[in-house]
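This report considers selected salt bridges, helices and strands of the structure shown below. It is written for a reader who has the atoms at hand.

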Amino acid sequence: MSRTVSSWILSSVRNSIVLQGKGRLYSICIPNRNRIKWKFLSKAHLYPAGSCILNDPFPLKKAFRHTSTEEEHFSFQLSPSQINDILRAGELSHKTLDLDGRNASSVLRFESNQLASNSPIEDRRSAATCLQTSGMMFGVFDGHAGAACAQAVSERLLHYIAVSLMSRQTLEEIELAVECMKPVLPILQWHKHPNDVEYREITSRYFENLRVYWQHLLDLDTELGFSLEEAMICAFKRLDSDISLEVQAPQENELMRNIALQVAFSGATACVAHVDGIHLHVANTGDCRAVLGVQEEDGSWSTLPLTRDHNAFDEFEIRRLKREHPRSEEKTLFVNDRLLGILMPSRAFGDVQLKWSKELQHSVLENSCDVEALNIYQYVPPNYHTPPYLTAEPEVTYHKLRSKDKFLVIASDGLWEMLSNEKVVKLVAGHLTELNVQKPQLAFEKPVNLGFMHSLLLQRKNRGTTSLDQNTATHLIRHAIGSNEYGEVDPEKLAAMLTLPEDLARMYRDDITVTVVYFNSENIENYYGNN
C-alpha cells in the first residue's frame, strides 16, 4: 500500500502543470483519471484576484512535512507516535463547569481540532461562553486567498452576535463605562487553544468599531431588541460591512492599513452555532456545515443536517442569484461551477473583488502603498456588470433540542469533502462507544494500595486505551485523510497524506477544522420537565 500510494503521488507530481502567476505559483495536478479517488482543487485554489498571506505569529511545528517533491527526498515513513503528534497538535477540549454541584447547561462539553494543508493554515475556529447574556457559541471559519479574513472574522463575529443580543440596559452600562474610562464588563469568556492566533496590533480598532455598532443599536430606540435569528443575521452583515469600510477609511498606521487590505481582499465562509438551553440556532454563510447526531429509541443513529452548502450545486442559491441580477447574466453567474468562474462558495465575508464596483476597487488599490508586496492585485473577472455578486448574509436554522440529540458536528468543507454526513455521525457514535468500553472500571473499596493501582494501569495499557484518540475531532480527521475503501484507517495512507510536501498537500486535501459539541441529555429533559 505504501509503495502504491507513494508511486501514485510522485507520478501525479511529474504530470503537474505549474503556472507562474503574479506573486504565487498555481499548480494543477493531472493524474490518471482511473486511479484518482481523492478530491482536490475544491475551492478558490486559482484565485488571481487576492492572494493574501499573513505571517503566523504563533507558527505550529511543521513536523515531518516535506519541502521537496524530488523522489530521493521523498519518504512516507512515520511512526505511530509521530502520526499522533501531528494529528493531536491542535486539540482543544472544554467541559462545562458544574454550578452548585450540578451542570445546568445543555452543553456537556466540546472537543475541537484542526489539521493544516495550506501553509499557514487558512481555517480558524472560535468557542465562547456569553457572559452578559446566556448560552455558548461555537464557530468554524474557512478562509480562502489567505488566512486574513478568516482570522478577523474568528476574532470579531462572536462579539458582534453577543452585542446584538444584549438588553438596552446592558448596552447603556457598557457605553457609560467606556465614556468614563472605567473597566468594561466582559462580554465573552473565550475557550482557546494556546496556538490560536490573535491580531493584537489592531484589537483597539476592532473594539472602536464594535462600539460604533452598539451605539447604532442604542440609536434604534427599541426596547424589544432582536430575536436570536435577527441578531445573528444583523451581526454577520454588520461585520462584513465594517470589513469593507475599514479598508476604505484613511489610516496613518501602515500595519493597520495592510491588515485591513488583506482582510478585505481575502475571504472566509462561516458557520456559527448558538446554544441556550434547548434552543439551538445555526447561522451559515458559505460551505462550512453543521450536522446533528440523533440517537433513536431503538439505539440506532440518524443524521439531521442544519445547514445548506451555498454554492453552484444548490438550486436555491442559483435561483437567488438569478433574481438579484439581470436575465442577460444568467449564463455567466456560474462558470465551471464557480461564482463568475472564480469562487466556489456563493456567500462569504470579505472578497470585495466580488462586491465593489470596478471604480471603487481601482481607487482603493491605487491609493494603497505597495499592494503587490501583500500579494493583492486588481482583477476584474469577465462579465462583471452588476455587483455585488457575493453576500455574507447567513441562513439561520432553529432547532429545539431533544434528549435524543446527542452531539453537533461543525466543520469546514475539508472534512465534508472526505466524509459524508452519515459517515461522520457514525464515526462519532462509534467512537463514543469505544471510549465507554475502554474506560477502566473503578469499582473498588477505598482505600486501595499501590499494587492494585499498578495492576489497574497495566490492564488499561494492555487494552490499548493509550492509542485511542480521546478527542473525537481528531478521530474524524484521522478517518478523513486515512480511510481506505473499506472505511478503515490505513496507517500507510495516513502517513503518506501527512508527509506530502507543502506545495503538493493542497492538491489532495484541504485544511480541516472540526468542533464536536456534546449535549447533556439529562439537563435537556429537565428543561422540558420544569416548563
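Predicted model: local features only at pLDDT ≥ 70, side-chain atom pairs only at ≥ 80, totals over all residues.

R347 counts as buried, because its relative accessibility is 8% and the cut-off for a buried residue is under 20%.

The structure holds 21 salt bridges. One of them joins D196 to R125, with the closest N and O atoms 3.9 Å apart. This pair links distant parts of the chain, 71 residues apart: D196 is in the loop between β7 (188-190) and α5 (203-219), and R125 is in strand β5 (residues 123-130). Both D196 and R125 are buried.

Another salt bridge is formed by the side chains of R478 and D469, at 2.7 Å from N to O. R478 counts as buried because its relative accessibility is 12%. D469 also counts as buried, because its relative accessibility is 3%. Elsewhere, salt bridges that share partners join E317, R320, E324 and R347 into one network.

| Salt bridge | N to O distance |
|---|---|
| D196 and R125 | 3.9 Å |
| R478 and D469 | 2.7 Å |

**V153 in helix α3**

Which residues are in contact with V153, leaving aside its neighbours within four places in sequence? They are F141, L239, I243 and F349. V153 itself is placed in helix α3 (residues 148-165). V153 counts as buried because its relative accessibility is 0%. A further relation concerns V263: the C-alpha atoms of V153 and V263 are 9.0 Å apart in space, while the two residues are 110 residues apart in sequence.

**Helix α14**

Helix α14 (residues 491-498) is mostly covered, with six of its eight residues buried. The buried residues are K493, L494, A495, A496, M497 and L498. At the start of α14, a side-chain oxygen of D490 reaches to within 2.9 Å of the backbone nitrogen of E492.

**Strand β4 and its partners**

How many of the nine residues of strand β4 (residues 107-115) are buried? Seven of them are, and β4 is thus described as mostly covered. Strand β3 (residues 92-95) runs antiparallel to β4, and four bridges join the two. Within this pairing, K95 stands opposite R109 in β4. Strand β17 (residues 512-519) is also antiparallel to β4, and eight bridges join β4 to β17. In that pairing, V107 stands opposite F519 in β17. In a regular strand, side chains alternate between the two faces of the sheet.

Technical notes
Residues numbered from 1 in each chain as written. Heavy atoms only, no water. Buried < 20%, exposed > 50% of the residue type's maximum accessible area, 1.4 Å probe, protein only. Contact = heavy atoms within 4.5 Å. Salt bridge = Lys/Arg side-chain N within 4 Å of Asp/Glu carboxyl O. Polar contact = N/O pair within 3.5 Å; in protein donor to acceptor, adjacent residues only side chain to side chain. Pairing = 2+ DSSP bridges.
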